[in-house]
Amino acid sequence: MKYLDFISPKTEFYQLSAPFSLESGEVLIGVQVAYRTWGKLNATGDNGVLICHALTGSADADDWWGDLFGVGKSFDPDQDFIVCSNILGSCYGTTGPTSINPNTRKVYGASFPRITIRDMVNLQAALLEYLEVKSLQLVIGGSLGGMQVLEWALLYPEKVRAISPMATPGRHSAWSIGLSEAQRQAIYTDPNWQNGNYTSDAPPNQGLAVARMMAMITYRYWESFTNRFGRQQNESNQFAISSYLQYQGQKLIERFDANTYITLTHAMDSHDVSWNRKDYQSVLRSIKQPTLVVAIDSDVLYPPVEQQELTDLIPNSQLRILKSTHGHDAFLIDMEALNKMVVSFREELESFV
């Protein structure tokens, strides 16, 4: 699987011995989880910190959140046993559309079943059981990672001491679902799509690149693009912003799979903490863990009103605003400010021990 070339050689793998049941009722066999760890698990197994990654991320949290690692920082390997696993349905080592189906001995491709955020979390829970992590001091993540964080609090409340969902909603809005659908349609219109049954030597690259270009616009903000690109043009009279988006599209097709993109965006659209539970407000009010909600003031994908809603409904929560011109991606860019928020939150938790 060529996508393994994009993950750290320090990645470890765990294969479930038992079948893995999905929320849909379908069952996967031979499920594999790719994961990374930092630090050591203490004798009581209660110093775990779980990092949940976003849509096209991997388990290599020290790559995309490296500035949050270190002594006295958000994730301190001298104190914490830090875990980040590649999510179910991804293409960076955990079972997904690019994996071999043990039943057919062929790549799953379009036959990979629909999954949910809860499926991702249940698989992470199986990994943590294997790693003998008894409880988690903190579960943290942004965007799709933040959706997992909320489900951790609801599915495994006895194992989670505190949570920090960032730049994420309690349920996917019509706005976000619409953006996901537009991106999927860009992939579907690629002649190489073939209903998802494309070959590795002829993938729907153009469609995936266009989907990424759409997504990048929602990951940033008007001011960010204006300040960086303005109306600059290159020697071919192409606007700089056009060249940038094309570059981002090209980068993604070199490291990501179209069926994986389809699978994960559908999973995000399914995100609703109240699904098959009580009403939405009651479900969020049932979250008892201390909660740090982080909103980005320039986020157009998951605007601050959605994080304000979480804070209003989760009883023991606090809202911190990450002020940035960078939009949704600020949780991956403005790391110094973000680190201060998380460190302060963790210090508050220690004061209540």
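Where is Pro 102 found? Pro 102 sits in the loop between strand E7 (100-101) and strand E8 (106-107). The structure is a predicted model, in which local features need pLDDT of at least 70, side-chain atom pairs count only at pLDDT 80 or more, and totals for chains, interfaces and linings use all residues. Residues are numbered from 1 along each chain as its sequence is written, and side-chain values use heavy atoms, with hydrogens and water left out. Helices (H or I, at least four residues) and strands (E, at least two) are DSSP runs, numbered from the N terminus.

- At 37% relative accessibility, Pro 102 counts as partly exposed. The scale has three classes: buried is under 20% relative accessible area, exposed is over 50%, and partly exposed is in between (1.4 Å probe, protein chains only).
- Pro 102 is in contact with Ile 29 and Tyr 108, leaving aside its neighbours within four places in sequence. Contact means heavy atoms within 4.5 Å.
- Pro 102 and Ala 211 are 109 residues apart along the chain, and their C-alpha atoms are separated by 30 Å.

**Helices H4 and H8**

- Two packed helices are described by the angle between their axes and the distance between the axes. Axes are lines fitted to C-alpha atoms, for helices over the stretch in contact, and angles run from 0 to 180 degrees between N-to-C directions.
- Helix H4 (residues 174-188) packs with helix H8 (residues 258-269) at an angle of about 160°. Their axes are 10 Å apart.
- H4 and H8 are therefore roughly antiparallel to each other. Angles under 35 degrees count as roughly parallel, over 145 as roughly antiparallel, 65 to 115 as roughly perpendicular and the rest as oblique.
- The crossing of H4 and H8 is left-handed. A crossing has this hand if the near helix is turned anticlockwise from the far one by less than a right angle, and is right-handed if clockwise.
- On the H4 side, the contact is made by Ser 176, Ile 177, Ser 180, Gln 183, Arg 184, Ile 187 and Tyr 188. H8 brings Ala 258, Tyr 261, Ile 262, Thr 265, His 266 and Asp 269.
- The residues of the contact of H4 with H8 divide into 6 nonpolar, 5 polar and 2 charged. Ala, Val, Leu, Ile, Met, Phe, Trp, Tyr, Cys and Pro count as nonpolar, Asp, Glu, Lys and Arg as charged, and the others, Gly among them, as polar.

**Helices H5 and H7**

- Helix H5 (residues 205-219) and helix H7 (residues 240-255) pack at an angle of about 125°, with axes 8 Å apart. That makes H5 oblique to H7.
- The crossing of H5 and H7 is right-handed.
- Among the contact residues are Leu 208, Met 213 and Ile 217 of H5, and Leu 245, Leu 252 and Ile 253 of H7.
- The residues of this contact of H5 with H7 divide into 9 nonpolar, 4 polar and 2 charged.

**Aromatic rings**

- A search of the whole structure finds 15 aromatic pairs. Rings of Phe, Tyr and Trp (its six-membered ring) pair if their centres lie within 6.5 Å; planes under 30 degrees apart count as stacked, over 60 as edge-to-face and the rest as tilted.
- The rings of Phe 256 and Tyr 261 have centres 6.4 Å apart and planes at 90°, so the pair is edge-to-face.
- Phe 256 counts as buried, at 2% relative accessibility. Tyr 261 also counts as buried, at 0%.
- Trp 38, Trp 64, Trp 65, Phe 69, Phe 75 and Phe 331 form one aromatic cluster.

- Leu 338 is found in helix H11 (residues 335-351). Leu 338 is buried, with a relative accessible area of 0%.
- Neighbours within four places in sequence aside, Leu 338 is in contact with residues including Trp 65, Met 166 and Phe 331.
- Gln 124 lies in helix H2 (residues 117-130). Gln 124 is buried, with a relative accessible area of 3%.

**Positive phi**

- Most residues other than glycine have a negative phi.
- Glu 132 has a positive phi of about 65° although it is not a glycine. Glu 132 is in the loop between H2 and strand E9 (136-142), and is exposed at 52%.
- Ala 167 has a positive phi of about 50°. Ala 167 lies in the loop between strand E10 (163-166) and H4, and is buried at 0%.
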